[in-house]
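Hi everyone, thanks for coming. Please bring the model up on your screens, and we can walk through it together.

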Amino acid sequence: MSAGARLPRWVDLGLLPLLNLAAAFLLSGLVVLAIGEDPIKALRILVNGAVGYPEAVAFTLYYTTNFILTGLAVALAFHAGLFNIGGEGQAYVAGLGVGLVCLYLDFLPGFAVVPIAILSAAAFGAAWAAIPGWLEAYRGSHVVITTIMFNFLAAALMTYLITNWLLDPAHGAPETRRFAGHTTLWTMQQMLGWFGIKAPRSPLNAAFFLALAAAAFVWIYVWHTRAGYRLRTVGSSHKAALYAGIDPARTIVVAMAISGALAGLMAVNEIQGAQARLLLSFTGGYGFVGIAVALMGRNHPVGVCLAALLFGALYQGGAELAFEMRNINREMVIVIQGLIILFCGALENMFRPTLARLFARQGAA
């Protein structure tokens, strides 16, 4: 039976991903056992470190925010038949947009400069992604190659600008001066304080709600607008799109621009929300993890949010695990993440034929 065998929707979207996830954790447990540690204890530390106390939950949601935005960027481009793996560079350049606004427009009141910075992040990310989209649409350059190249170009550009033009001479590290307080996003501690709720200090900020709004936007745009219909048609067949009067080239450029804008919003969480300054390598590989998040979430906003939450928990819980257990380091946690990506991405159809046979027998009975 083929890997593409039809299954009930609840099995395809629920049971199959859970089986893949269970297999990944089972194999991870065997690896932990092989290095001389107790896998049950490791799992307990991992879960407690991710959601066991308020500060852990806040850090998990902070990482989740980044993964939602980069995952949505990959997912939206995928529906247009594009594989955008340049989210890292798009978010990096978007950080420049946020930084310039917060550094040089801080004479404006907060209610003006904050939305301008958010729009600037989206615009810089969209512009950086639209170039590979234009090259794909009008020059035949493959978007995978060009987005990879643009990641390196973004890193080189940001290194040059920060170290030569934006560097704060008062600090030894390659970073700008801190942003004025009124230009940054509200922290979750501040927002909960408005309602008399005490919360621990953490980098979690209002960008979390921005990420949820972005997920709602993608759902509405892709499945409930004419532009989204054009995007999905181009992703399914260029010939069918042309027959329907749709311009595939224009649709590709627009899709890449929106994808880049979504990735660019990640800079809002990091630069305007958590760091309050522009610094080198703030993206931290979140753009690449977003690819796995989109694949695991089946390129649907709900699935992307759930997968992002899982990876956020792994990031936060993994840090606690590496601290608590002597033989487990950060690289070991990356191995666990890799196994999850392997089973939920490359091997996502491994259990499909078996499940299809079981449900076929049940249907025959």
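Predicted model: local features only at pLDDT ≥ 70, side-chain atom pairs only at ≥ 80, totals over all residues.

Residues are numbered from 1 along each chain as its sequence is written, and side-chain values use heavy atoms, with hydrogens and water left out.

Let's begin with the spaces. Rolling a probe the size of a water molecule over the atoms shows where empty space is left. On a 1 Å grid over the protein atoms alone, a cavity is a set of points where a 1.4 Å probe fits but cannot get out, whereas a pocket is an open set with protein on both sides within 12 Å along at least five of seven lines; a lining residue has an atom within 4 Å of a point. Points are joined across faces, edges and corners, and a volume is the space filled by probe spheres set on them.

How much space lies in the largest pocket? About 540 Å³. Its lining has 19 residues, and L13, M296, G297, R298 and G303 lie nearest the centre. Helices α1 (9–34) and α14 (301–324) are the elements that give two or more residues to that lining. Helices here are DSSP runs (H or I, at least four residues), as strands are (E, at least two), numbered from the N terminus. By class, the lining has eleven nonpolar, six polar and two charged residues. In this scheme Ala, Val, Leu, Ile, Met, Phe, Trp, Tyr, Cys and Pro are nonpolar, Asp, Glu, Lys and Arg are charged, and the others, Gly among them, are polar.

The second largest pocket holds about 310 Å³ of space. Among its 15 lining residues, T184, L185, T187, Q190 and G273 lie nearest the centre. Here α7 (188–193) and α12 (266–275) are the elements that give two or more residues. The lining divides into five nonpolar, eight polar and two charged residues.

The largest cavity has a volume of about 50 Å³, and P17, N20, L295, M296, R298, C344 and E348 line it. Both α1 and α13 (286–296) supply at least two residues of that lining.

On to the helix pair. The axes of α8 (residues 207–224) and α9 (residues 226–236) come within 5 Å and cross at roughly 70 degrees. Axes are lines fitted to C-alpha atoms, for helices over the stretch in contact, with angles running from 0 to 180 degrees between N-to-C directions. The two helices α8 and α9 are therefore roughly perpendicular (65 to 115 degrees). In α8, Y221, V222 and W223 meet A227, G228, Y229, L231 and R232 of α9 (contact means heavy atoms within 4.5 Å).

Last, some single residues. Is V144 buried or exposed? V144 is buried, at 18% relative accessible area; buried means under 20%, exposed over 50%, and partly exposed in between, with a 1.4 Å probe and protein chains only. V144 lies in helix α6 (residues 143–166), and beyond its neighbours within four places in sequence it contacts F83 and I85.

Finally, N299, in the loop between α13 and α14, has a positive phi of about 60 degrees although it is not a glycine. N299 is buried, with a relative accessible area of 9%.

Conventions
Parallel < 35°, antiparallel > 145°, perpendicular 65-115°, else oblique.
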